[in-house]
Every structure is written in C-alpha cells, then in structure tokens.
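Here are my notes for a friendly walk through this structure. Keep the viewer open and look up each part as you reach it.

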Amino acid sequence: MKKQLSIAMLMIIMMFSTVGCSNAPTYAVVNGVKLTESDFNQFLPLYYSAEGIRVEQVDVGIKEYILGEMINQEVIAQHFSDKKDAILGESIDSEFEEYKAAMEADQAQVEFMTSNNISYEYLKKVFINQRYMDYFNEQVAQAVKALKNQQMAEYAKDQSAFEQVRAMHILVSDEAAANDIIKKLNDGKDFNTLAYEFSIDPSVSENGGDLGYTSKGDMVEEFEKVAFSLPIGQISKPVETQYGYHIIKVIDRRVPTFDELFVSGGALYDKLFTAKYEEMLAQIKTNMKIEKNPIPE
C-alpha cells in the first residue's frame, strides 16, 4: 500500500562503502538535485529485491516506474526539509551507524551489496529519505482517518457495494490451452494441481492460483466482471485480458464489516490511502521543478 521502502529493505541496505561515480549520466533533476545513473543502479536492485520482483522481470517499463519512485522520495525529502530536526532527530547519524554495523555482520547481505556497488554515502541518503517518507505517510494516514465518518455513512447506505470475492485462476497464453484446461477440470482434475502445472502467473508458486479476497476495482475490468457474477464453485469460460486467458473459479463471497475495511491493510482503507497519497504528492509536486530523462534500453 504505502509508497515507501520497507523496514526489512532498510535493514538489508545498511552495509559497506564503494565510491560513487561523480560524472554518471543524469536520469532526473529535482529542484537542481541530480539523480544519476549511479544512484539508480544502486536503488534498482534494492527496490526489486524488497518488492519481490525477479531480475528477469525488470524491463524498461518497470525501470521507468522505479525511477519515478526515486523521484518521489527526493520530492518528499526536499518538501519536508524545513522540518529536518523534528523528523530526523539528533541521533540520526548514530542510528545509521548501528544499522550499518548490524548489516556488515551478515555475509550474505554484504555479498549482495558488494555485487551491486552500494556506497555508504548512498545508503545514508536512502536511510534519511525513508524517515521523510515515514513522516509523509503519517500525514496521509491522518487525512484518511478524517474521512472515517463519511465512509461509514456510505457503507451503511449500501453494504453490497463493498462485496468481496475470493477467486482462483489459471492464466495461460492462448484460448486453446484454456479450453483444454477447462476440459481437464470438467473431467475432475484438481484446480490447484492444474494451476501449478499450467499457469503462467508468476505468483502461482506461492498461492496455487488462489487470489484471496478482492474488492471491485482491484482487478482488470474483464476479470472483475466475470468474478463478481460467477456463482460459487462454477468454472468460467476463458476470459481474455491483457495478460492472457484466465480460467476463473469463485470459492467464496463476503461483505466485510466496516471495521475490517477501514483499517490499515483493509480494502477500503488501502484504496483511500493510495488515492490520498497520490493527491497530496501531486500537490507537493506543483511547487517543484522536475526534469526526467528516458532510461536507456
């Protein structure tokens, strides 16, 4: 939900020193502060490691998105720099040194950082920027909480609008393969077993095709339309989306309580948080001069 580096990631990155490249190409400039190729090449592996993105999935499109996240962190850090003492505190330097020392004691993490040429200077910048991001996220959370009474009234008016479905799916690249799998399912084959065997969804190794409970707006339109109309236990015809062909099976429906929805991690709260985050970030950016260059392929 939150547009920030996780605590686990911060623990990973507090390591060792290499010298950065001062004349590296510039990928972006935020109010005169350059974000260079060297910065990006250090940030990139940390980001995809923390987010569970496989190396082979990191194409130019994903790199452009991650560069946008780098820019956002710089924007937030600059915007709140006048509150530096209150946000960072007097012990920020010693806290960084403690993180670094702890990470240097882990050989696997040292090897990961060494292979990606992460410098002490860059690590400290990320560490400090994370504090600014934490502060911004707190501001966003307060803005979302202020909407509670309004959202409670909407929930009371029409609870069905907050229905969730728990669906399973098998994703394949062509319709013929989808129809072949549907035949196997109709012959009594197990859905999970076929998902593990045939699905090209990268998450299938972790969830066996079970997507958990989803709300309206979480999935692409074609998938959502079928999932929310399909009777429990029934298998869909092939559903084409931008990702390929899906075989969908709904295994449960529910309407969560308002308290389940309006809590961090709840569907409604997270949706509101994301929208408010983007709104507040966009407002901050109106006062920033931001230049962004294409990432070379």
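1. Two strands pair if DSSP finds at least two bridges between them. Helices (H or I, at least four residues) and strands (E, at least two) are DSSP runs, numbered from the N terminus. With that in hand, find strand E3 (residues 164–172) and strand E6 (residues 244–254), which pair in the antiparallel sense over nine bridges.

2. A word on where the values come from. This is a predicted model, in which local features need pLDDT of at least 70 and side-chain atom pairs count only at pLDDT 80 or more, while totals for chains, interfaces and linings use all residues. Residues are numbered from 1 along each chain as its sequence is written, and side-chain values use heavy atoms, with hydrogens and water left out.

3. Now the whole chain. You will find 14 helices and seven strands in the chain. Its C-alpha atoms fill a box of roughly 65 × 45 × 35 Å, taken along the principal axes. The chain has 297 residues, and 41% of them count as buried. Buried means under 20% relative accessible area, exposed means over 50%, and partly exposed is in between (1.4 Å probe, protein chains only).

4. Next, surface and charge. The chain carries 29 positive and 46 negative side chains, and the centres of the two sets lie 4 Å apart. Here Lys and Arg count as positive and Asp and Glu as negative, with His and the chain ends not counted. The place of a charge is taken as NZ of Lys, CZ of Arg, CG of Asp or CD of Glu.

5. In which order do the four strands of the open sheet lie? The order is E4-E3-E6-E5, with antiparallel pairing. Strand E4 (210–215) and strand E5 (239–241) are the edge strands, each pairing on one side only. From one strand to the next, the twist averages 45°. For such angles, axes are lines fitted to C-alpha atoms, for helices over the stretch in contact, and angles run from 0 to 180 degrees between N-to-C directions.

6. Eight of its nine residues are buried, so please call E3 mostly covered. E3 pairs with E4 in the antiparallel sense over four bridges, and Met-168 stands opposite Asp-210 in E4. Towards E6, His-169 stands opposite Ile-248, while the bridge partner of Leu-171 is His-246. Helix H9 (residues 175–186) lies across E3 and E6, running at about 45° to E6.

7. Then there is a hairpin. Strand E1 (residues 26–30) and strand E2 (residues 33–36) pair in the antiparallel sense over four bridges, and Val-30 stands opposite Val-33 in E2. Two residues sit between these strands, and Asn-31 takes a positive phi near 50° there. Asn-31 is partly exposed because its relative accessible area is 37%.

8. Another asparagine is worth checking. Phi of Asn-117 is near 55°, a positive value in a residue other than glycine. You can find Asn-117 in the loop between helix H6 (107–115) and helix H7 (120–145).

9. Is Val-263 buried or partly exposed? Val-263 is partly exposed because its relative accessible area is 40%. Not counting residues up to four places away in sequence, Val-263 touches Tyr-269 and Asp-270.

Methods: Contact = heavy atoms within 4.5 Å.
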